[in-house]
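Subject: Structure handover

Hello,

The structure is below, with my notes after it. Please read the notes with the model open.

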Amino acid sequence: MNGVVKSLAVLGFVLTSAAVDVSAQTPVSFGLGGGVTIPTGSTGDALKTGWHGIAMVRFAPATIPVGFQIDGMFHRLSVDDGGLDLDLKTQIINGTANVVFSFPVSEETRFRPYLIGGVGIYNFDLKGDDAPTTTESETDFGFNAGAGFDVSFGGGTFFAEGRFHNVFSEGDDAKFIPVSVGVRFGGGGS
């Protein structure tokens, strides 16, 4: 886990450094965040609530309320082992391409709600000391949809959002809801 934390910290430093050079007039913003990942449905029977990190690039033209976002997420959820105290975790790495609709608000408003949704690729891998060595990772297609809001401050934007992800996998579809908070820099707001 230390390697993941160090990698996220380096990625955050690079994105923040790059964002400082981005003019406030450009429609491109870069962001980092994280939060909890809540498995739902049959996925919730097999996995416990975990955590995730997210990195994103958003293109939001000032003249229209529709923009685009590409993001990557790293999730880690413990396997519900029925009290056997096994070291088993499911790691999910996904990349999604999304459409973002920002609700029109006045220029003075700092609170800006939005809807987000799109498609992506999801990789599932079983990790931990008790993970079988014969288990292979699985990559599947899925979609996501959700809502959030931006709050502008100084040179950036704070965001909070929740999205429902449905991944088409063999058997039951995997379903989970990441609730994220973070910051975006550049783009002059959302």
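A salt bridge here is a side-chain nitrogen of Lys or Arg within 4 Å of a carboxyl oxygen of Asp or Glu. By that criterion the structure holds 6 salt bridges. This is a predicted model, in which local features need pLDDT of at least 70 and side-chain atom pairs count only at pLDDT 80 or more, while totals for chains, interfaces and linings use all residues. Residues are numbered from 1 along each chain as its sequence is written, and side-chain values use heavy atoms, with hydrogens and water left out.

Overall layout

The chain has 2 helices and 8 strands, where helices (H or I, at least four residues) and strands (E, at least two) are DSSP runs numbered from the N terminus. Along the sequence they follow the pattern α-β-α-β-β-β-β-β-β-β. Of the 190 residues, 37% are buried; buried means under 20% relative accessible area, exposed over 50%, and partly exposed in between, with a 1.4 Å probe and protein chains only.

Salt bridges

R58 forms a salt bridge with D150, with 3.6 Å between the closest N and O atoms. Because R58 lies in strand β2 (residues 50-59) and D150 in strand β6, this pair ties together parts that are 92 residues apart in sequence. R58 and D150 are both buried. The salt bridge between R163 and E161 has its closest N and O atoms 2.8 Å apart, and both of these residues are buried as well. Through shared partners, salt bridges join R58, D150 and R184 into one network.

The salt bridge between D87 and K89 has a closest N to O distance of 2.6 Å. D87 is partly exposed, at 22% relative accessible area, and K89 is partly exposed at 25%.

R58 has a further contact: its charged end sits over the ring of Y114, 4.7 Å from the ring centre. For this contact, NZ of Lys or CZ of Arg must be within 6 Å of the ring centre and within 35 degrees of the ring normal.

Strand pairing

Two strands pair if DSSP finds at least two bridges between them. Strand β4 (residues 89-102) pairs with β5 in the antiparallel sense over 14 bridges, and N98 has G118 in β5 as its bridge partner. β5 and β6 are also antiparallel, over 14 bridges. Between these two, P113 stands opposite F149 in β6, and Y122 has D140 in β6 as its bridge partner.

β6 and β7 pair in the antiparallel sense over 12 bridges, with F164 in β7 as the bridge partner of A145. The hairpin of β6 and β7 has 2 residues between the strands, and G154 there takes a positive phi near 25 degrees.

Aromatic pairs and the nonpolar patch

Rings of Phe, Tyr and Trp (its six-membered ring) pair if their centres lie within 6.5 Å; planes under 30 degrees apart count as stacked, over 60 as edge-to-face and the rest as tilted. A search of the whole structure gives 6 aromatic pairs. One of them, F141 with F168, is stacked, at 6.2 Å centre to centre and 15 degrees between the planes. F141 is in strand β6 and F168 in the loop between β7 and β8 (174-186), so the pair ties together parts that are 27 residues apart in sequence. Ring pairs also link F141, F143 and F168 into a cluster.

Which residues form a nonpolar patch on the surface? They are V119, I121, F141, F143, F164 and F168, with about 510 Å² of accessible area together. β5 (111-127) and β6 (138-153) are the elements that give two or more residues to the patch. Patches are made of residues with over 30% relative accessible area and no salt bridge; like charges are joined within 9 Å, and nonpolar side chains (Val, Leu, Ile, Met, Phe, Trp, Tyr) within 5 Å. Accessible areas come from the Shrake-Rupley method with a 1.4 Å probe, and for residues only the protein chains shown count as cover.

F164, in strand β7 (residues 156-167), is partly exposed with a relative accessible area of 30%.

G187, in the segment after β8, is buried at 13% relative accessible area. G187 and A60 are 127 residues apart in sequence, with 7.2 Å from C-alpha to C-alpha. L86, in the loop between β3 (66-78) and β4, is partly exposed at 38%. The C-alpha atoms of L86 and D130 are 6.1 Å apart, across 44 residues along the chain.

Regards
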